[in-house]
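Take a look at the structure below.

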Amino acid sequence: MRPSLLLVALLVIAGCASTEPAAPAAPPAAAPPVSESRVPARATAAAELTLEKLFASPEFAAESFQGGRWAESGARLLYVDQDREAGTSNLVEMDLENDGRRVLIDGSVLAKPDGEGLVQIEDYAYSADGSKALLYTDSERVWRLNTKGYYYVFDLETNALRPVADRSEGLQMFAKFDPAAQRVAFVRDRNLYVVDLATGDERALTTSGGPGAVINGTFDWVYEEEFGLRDGFRWSPDGRYIAFFQLDESATRDFQMTDFRTLYPETTSFRYPKAGEANAEVRVGVVDVATGETTFFDTDTWFEGGDETEYLAGMGWTPALDDGRADVWMLRLNRDQNHADLLYGDPETGDVEQVLEEENDSYIEVETGFSDVATGTITYLDDGDHFVWRSDRDGYGHLYLYDNDGAFVRQVTRGPWDVTDFHGVDEAEGVAYVTTTAASPLQRHLYRVPLGGGEPEQVTSGAGWHSVDLSRDFDYFTDTYSTATAPPTTTLYRTSGEEVAVLVDNEDLAERIAAYGLPAPEFTTVPGADGEPLNAYVIRPSDFDASREYPLLIHTYGGPGSQEVTDRWAGTERLWHQYLAETHGILVAGVDNRGTGGRGKAFKTETQNRLGILEAEDQIAAAQHFGAMPYVDSDRMGIWGWSYGGYLTLLAMTYDDGPETFHAGAAVAPVTSWRQYDTIYTERYLSTPQKNPGGYDLGSPTTYADRLAPGQDLLIVHGDADDNVHVQNSYAMVDALQAAGKQFDLMIYPGRNHGIYGGGTRLHLYTLLTDFFAESLGGAGPVAQR
């Protein structure tokens, strides 16, 4: 479960040992409040903040660094430059250190040989020898990202441009050169194809693909959404084979969405396996590209094995092993996702060997899209002899070094903190680069970890959030840095720590924000339901008066591995919270309940098999803690959230002491019964409904619909084209509330997906939310006698 994403054609700045190093001191449960030096100065006469400025203008849009892909060495990035006036797109190399710029591919020469106009480069890939480039254009969205379009091969010596395949045959996906740049393989209509670049001959390597049945080389909805898998094939290092995923979704069931905006409603159907239902069968095959002969590995996941071998969550080619040949590695998970096997498959014999096994009493983190983990489970090192494995086996997310044959070498990182991103190993210097929570769970910093022993060294400075991207030679990195009160800046550094150049400073935005004199979030801790300190922030109006009483609104997300309370720039949503405090006199707070990330395995997995209950108890306890303060009106407390936060809002309002605690709540795109959500996400935390029916019933807001109190104001919001959390969820809650005779408000956004955006939708939504809470909670008043 994650918010919708839009395609970015280039990589934007990403948050991506011989003896065990000593660990930094244990981090505090929370960072201290924001220091005054980091709070923008209040203007003498503050500008007026409006919803239109927040949601219908570029007033608060932060400038972002162009980003790109690092060249082989040095502080040089490659990126696509769109020249809208000329109607061209150029591939450019930028020298970040010297502010130089060189055009590598001139878009004016990219006239389509099979159509009108110029190729507009959306993505690109060079051949291994650097003689050719594969250009991607005219893309269309497949669920989250634009992963289907058309590909052209550009010869960098002759400027010759040719299509990879005939456009009339259909859109192509994930095209790749073979290692010798003699062939290109791609996926079309769920089958794998290869084109000989010398002759132009195209061959189908698979023919079994088709709608509602077999998928070759790519994935279904749930594998894309929850494992982040889209591109499902890989050339072997010698170019002889292609390894590919094959799924059979014939046993899964269709989900239908209806667009009611047309005269006769139009229906879209897609396969969506809900909790406890059948998943697509999955296996990995290897096709000999010359002969077309295909061998499938017996991973016990293809119409056999049951729940013990349900998923293949990753695949690739190993470096050359002891026999001089590369194998296919595969990451296999059971259905509950608490048992992982690293498998090697021999492409010649089809034999499968188990190399590593990992078991957990909760779940094994392999999905990295919306949690506190940014890199995957396994990374092969450039030395060709080792891989790094991420595990929380010692209670925190750390890195472990293995020989390629699966022999354990050593633990690379250790301490009461989590590694959230592994950036690689600089073998020449003998160090690994990682991003961790060692300074505080509210912050992220880059560290250098000596492989030969010694303490990790913090590379980034400045309390806050650092998203770093290291050059391929590990000599440079870009650091996109922000705090809760300062918008992002991007700076180029040497890994020695020396600042080289400020690439984006966002000074204009910082000055515009300062002109509004907005109150800053104050970081603190509050007791959870079990007394454990929870990280929190509070926003008070700038003219806060402790002798008055204020209403309180809690914003929550609260899902597994997420974090709401971080010392980083949070964009317009956080500015809207500051607007509510400043304009409507509503205190706004955020609380990271048990189950959220950044604080180790025990804290994150405490909600296992009882999703929602501890989270709701913690949000209720936090509200009651705030409500006991003399300046908080405990009769005017509200809660709101989106997606998992919408789910938690409904549960916090109706479960346990929720009806007596929260006067108002707004649930946007909420899950209301986990039986309605997909297999991979839901069962990771709850197992299946067949094994854990009590957990599903206990954690579903529909169970408690009859507990909504007469004095509680409830608003439910949903887009009816939400392919992620279906509007069916809100309809189920509506049905349960109506059956219980409860009154509430409902807003449906026709044709809008999980992100509920487009046109004036965001302004409409946040105006609705503002009016709802202004009316339900009101503003500050004199302190009542208690």
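Which residues in H9 are buried? They are Thr679, Ile680, Tyr681, Thr682, Glu683, Arg684, Tyr685 and Leu686. Keep in mind that this is a predicted model. Buried here means under 20% relative accessible area.

Helix H9 covers residues 679-686, and eight of its eight residues are buried, so the helix is largely enclosed by the rest of the structure. What does the covering? Helix H2 (221-227) and strand E20 (311-317) take part. Helix H7 (644-654) and helix H10 (693-698) are also among the elements that cover the buried residues of H9.

Now look at the ends of H9. Aspartate 678 caps the N-terminal end. One of its side-chain oxygens lies 3.2 Å from the backbone nitrogen of isoleucine 680. Just after the helix comes serine 687, with a positive phi of about 60°.

Step back to the protein chain. Its secondary structure comes to twelve helices and 44 strands. The C-alpha trace spans about 85 × 60 × 60 Å along its principal axes. The radius of gyration is 27 Å, which agrees with the value near 28 Å for a compact globule, because that is what the rule gives with 786 residues. Of these 786 residues, 59% are buried.

Finally, the surface and the charges. The protein chain exposes about 29600 Å², and carbon and sulfur atoms supply 47% of that area. The chain has 59 positive and 124 negative side chains. The centres of these two sets lie 2 Å apart.

Conventions. Residues are numbered from 1 along each chain as its sequence is written. This is a predicted model: local features need pLDDT of at least 70, side-chain atom pairs count only at pLDDT 80 or more; totals for chains, interfaces and linings use all residues. Side-chain values use heavy atoms; hydrogens and water are left out. Helices (H or I, at least four residues) and strands (E, at least two) are DSSP runs, numbered from the N terminus. The radius of gyration is taken over C-alpha atoms; the globule rule is 2.2 Å times the number of residues to the power 0.38. Buried means under 20% relative accessible area, exposed over 50%, partly exposed in between (1.4 Å probe, protein chains only). Accessible areas come from the Shrake-Rupley method with a 1.4 Å probe; for residues, only the protein chains shown count as cover. Lys and Arg count as positive and Asp and Glu as negative; His and the chain ends are not counted. The place of a charge is taken as NZ of Lys, CZ of Arg, CG of Asp or CD of Glu. Contact means heavy atoms within 4.5 Å. A polar contact is a pair of N or O atoms within 3.5 Å; within protein, one must be able to donate a hydrogen and the other to accept it, and residues adjacent in sequence count only if both atoms are side-chain atoms.
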